[in-house]
Amino acid sequence: MAVTDLFAGEIATELMKMLMTISRKSCLCRSSAEELISSIEELHPIITEIKYSGVEVSAHRQFQLDRFSEFLRDGLELSHKVLASPRWNVYKNLQLARKMEKLEKTVSRFLKGLVPVHVLADVHHMRFETAERFDRLEGSAQRLEQKLGAMMIGGGGWAEEAVKRMEEEERWRESSLVSFGVALDLGKKKAKEIVVERDDLGVVGICGMGGSGKTTLARELCKDDQVRSYFNERILFLTVSQSPNVEQLRARIWGYIMGNENLGANYLIPQFKLQYEWRIGARTLVVLDDVWSLSVLERLIFPGCKILVVSRFKFPTVIKATYEVELLTEDEAMALFCHSAFGQKSIPPPANESLVKQVVNECKGLPLALKVIGASLRDQSEMFWASAKNRLSRGEPVSEPHENKLLERMAISVGFLSEKVRECFFDLGSFPEDRKIPLDILISIWVQMHDIDEEEAFAILVELSEKNLLSLVKDERAGDVYSSCLFSVTQHDVLRDLALHSSNRERINERRRLLMPRRETELPKEWERNSDQPFNARIVSIHTGEMREIDWFRMDFPKAEVLILNFSSKEYFLPPFIDNMPKLRALIVINHSTTSAALENFSVFTNLANLRSLWLEKVTIPQFSESPVPLKKLRKMSIVLCKVNSCLGQSDTDLPQLFPCLSELTIDHCDDLVELPSSICGMHPLRTLSVTNCHRLSKLPADLGKLENLLILRLYACPTLKTLPHGISELGRLKYLDISQCVNVACLPERIGKLKSLEKIDMSECAQIRNLPKSAASLQSLRRVVCDEDVSWLWRDVEKAIPDLHIQIVEKSYNLDWLDE
């Protein structure tokens, strides 16, 4: 459905006319009507602009836009009632006046959430990734602490302290920019000269060695008021990387320029338009970060817009003006290092000033080295510092190239980690460059690979984050602490290089991790040359395009425990050598293309007797009957952005037989899921069931109460769902129920009071629920209810019966984060 169909400008036009008449006719409603007129007049041109954009939107976006369209329709209906009401009926007019006032507040609140509203008209041009750096840990630290608490880690003092450090780090960086001091200001000034003041230059660049702050400078430049004003907020920030999907990037750039970012990678860009049609349009800045190849760069250059290339290379044949990032001065380097090592801008009195200066000097003004090495030395003894200084000095031969020098410096920080934490850091090299790593995937791998539980895995995550060896970013795909898609992990490309460098030191058949550092069209030749001998790798990571059966060759992996398959294609033949992975415990299959991929050779699942964790993303899942042998040890399964109708839409699917030990099931953003199969009620070991962002889900099994061990039930953002089965009241061990953004659910189960273990209910944005069952007062374990202000009064009587109950009122937040793919 296009925006044209669901966001009709005619509604706003007709509503304005009605409100004009009302303001003249009714004294009681005049004030509210006039306020509403003002709001609609501001909104109407924007609706019209979107209306004629012809853009196709996703189901999630449709749901968000449709909600506001309903507000306008309500206003239109109310306007008719006001005009039809006779003046003599004072009581009715008073009621209508109150309704009009409430509607005005609703529309006003929505508009305030979208301020500045003109951003909506520029919907396809505003989501470059500048905000990511400053969104990394804002709020997510608190959520991480709550996640740890939910996992019954206890106390959590160490986590709380780690959280505070991360929050302080972000606040410090935002407020003072001391991390680059004068160098950043000077860099911005010089970069602006070629970006803003040189209209004659179509392609300009920022270059520097890895870890020198190129990307940070580019992001700061994009945030600069002068730059944003010059380009009228039309700035697109794209990360290219060493293994880009060039056609996808080209489609994004062209779509951004033309105002349609939903173009697929196969869209054919008309050449005549490239040359003539849009050259005289609004100024546009396209930032291409982490560019490695001249041939790739040449294909991403579009005439008529300014291109800023951020790279380790200069590309003089294409880029006519380049700013080379300058390393930090001695004072700037000291300030950044001291903040990482001591939490302040200067050397504290107890520290050995001479030793600190020697360590800082060894970092050679490189921001990344200063941050990571400083963090690694925090709270360590003087002897530890001296050892680090000596190792830094020894790791820098005169003839060594700059990139290797930086890697050797970074290796000092990793070398001081405990063996288990160090191995977890090296595991990060198993993932594609410049991609967010879903936290659930990372935790599952660590649990399976290193014989630790989830609590210890989270502790390692916090330690690596504190030492600046990884970063946490919020994943807008989820909205609650219990979400399996809550966080993602990112890593600087130099740190990823370090993990790859450390993992590749041994002979290929002896390596603990067999990794493809970038996407290739086929498996590495080195693998094929050594395939006559078994590979001892415990992690195997493959990153390709489409793979057919003939593209694979035989490989033996007697010790492999984790297989990560990243690809970009419409079809993908699962590798036959999975049969030769008898110890495989975790399988991750992720498709990075724009459309769902069909999986072939699904029969390999019949041999995964030891599989414990499965992640499937953006694939079409075949019928489970194709792998009739049960996965007896599978504990955790995540199905994300997949087509699932063929496997979950079949009434004869026997899930308990296929997954007899499954304890956690996540189904997220599966837009063809209409009904959960009834056999799911027989999965008695299930402790967490999360069905989120499934916009067509309309029915749940009546016997859901048979899940006797269920602790967490999440039904977040399922707008088509209207009722909750009465069987939910039989979930005696349920601790958490989330129905937030299930906007059409009309009531809670009548016997909800039977949930004696229930501790939390999240029913925010459930406006249809206007009454509570009487049994709600019997929820003696209930400690927190999350809801909107409009329905909070429903819980006041329950609050009297349950003294420890806390009612958390959430403010309605209408943001534009859903506009970003």
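These legends go with several close-up views of one predicted protein model.

Because this is a predicted model, local features need pLDDT of at least 70 and side-chain atom pairs count only at pLDDT 80 or more, while totals for chains, interfaces and linings use all residues. Residues are numbered from 1 along each chain as its sequence is written, and side-chain values use heavy atoms, with hydrogens and water left out.

**Figure 1. The whole chain, before we zoom in.** You're looking at 29 helices and 24 strands. Both are DSSP runs numbered from the N terminus: helices are H or I with at least four residues, strands are E with at least two. Of the 821 residues, 56% count as buried. Here's the scale: buried means under 20% relative accessible area, exposed means over 50%, and partly exposed is in between (1.4 Å probe, protein chains only). The accessible surface comes to about 34,800 Å², and carbon and sulfur atoms own 48% of that. Those areas come from the Shrake-Rupley method with a 1.4 Å probe; for residues, only the protein chains shown count as cover. Now take the contacts (heavy atoms within 4.5 Å) with a separation of 6 or more: 65% of them join residues 24 or more positions apart.

**Figure 2. Cysteines without a bridge.** How many disulfides does the chain have? The count is zero, going by the rule that a disulfide is a pair of cysteine sulfur atoms within 2.5 Å. Take Cys670: its closest cysteine sulfur is in Cys694, but the two sulfurs are 5.1 Å apart, so that's too far for a bond. Cys670 is buried, at 0% relative accessible area. Cys747, on the other hand, is partly exposed at 42%.

**Figure 3. Helix H22 meets helix H23.** The axes of H22 (residues 439–450) and H23 (residues 454–466) come within 9 Å and cross at roughly 115°. An axis is a line fitted to C-alpha atoms, for helices over the stretch in contact, and angles run from 0 to 180 degrees between N-to-C directions. On the H22 side, the residues include Leu439, Ile443 and Trp446; among their partners in H23 are Glu454, Phe458 and Leu461. The residues of this contact split into ten nonpolar, no polar and one charged. For the record, Ala, Val, Leu, Ile, Met, Phe, Trp, Tyr, Cys and Pro count as nonpolar, Asp, Glu, Lys and Arg as charged, and the others, Gly among them, as polar.

**Figure 4. Two aspartates with positive phi.** Asp451 sits in the loop between H22 and H23. Its phi is about 55°, a positive value although Asp451 is not a glycine. Asp451 is exposed, at 66% relative accessible area. Asp379 is in another loop, the one between helix H18 (367–376) and helix H19 (382–394). Phi of Asp379 is near 65°, again positive in a residue other than glycine, and Asp379 is exposed at 64%.

Figure 5. Look for Gly202 in the loop between helix H10 (181–195) and strand E1 (203–207). Gly202 is partly exposed, with 37% relative accessibility. Leaving aside residues up to four places away in sequence, Gly202 touches Cys305, Lys306 and Ile307. Ile319 is 117 residues from Gly202 in sequence, yet their C-alpha atoms are 8.4 Å apart in space.

Figure 6. Setting aside residues up to four places away in sequence, its contacts include Leu737, Ile752, Val786 and Trp795.
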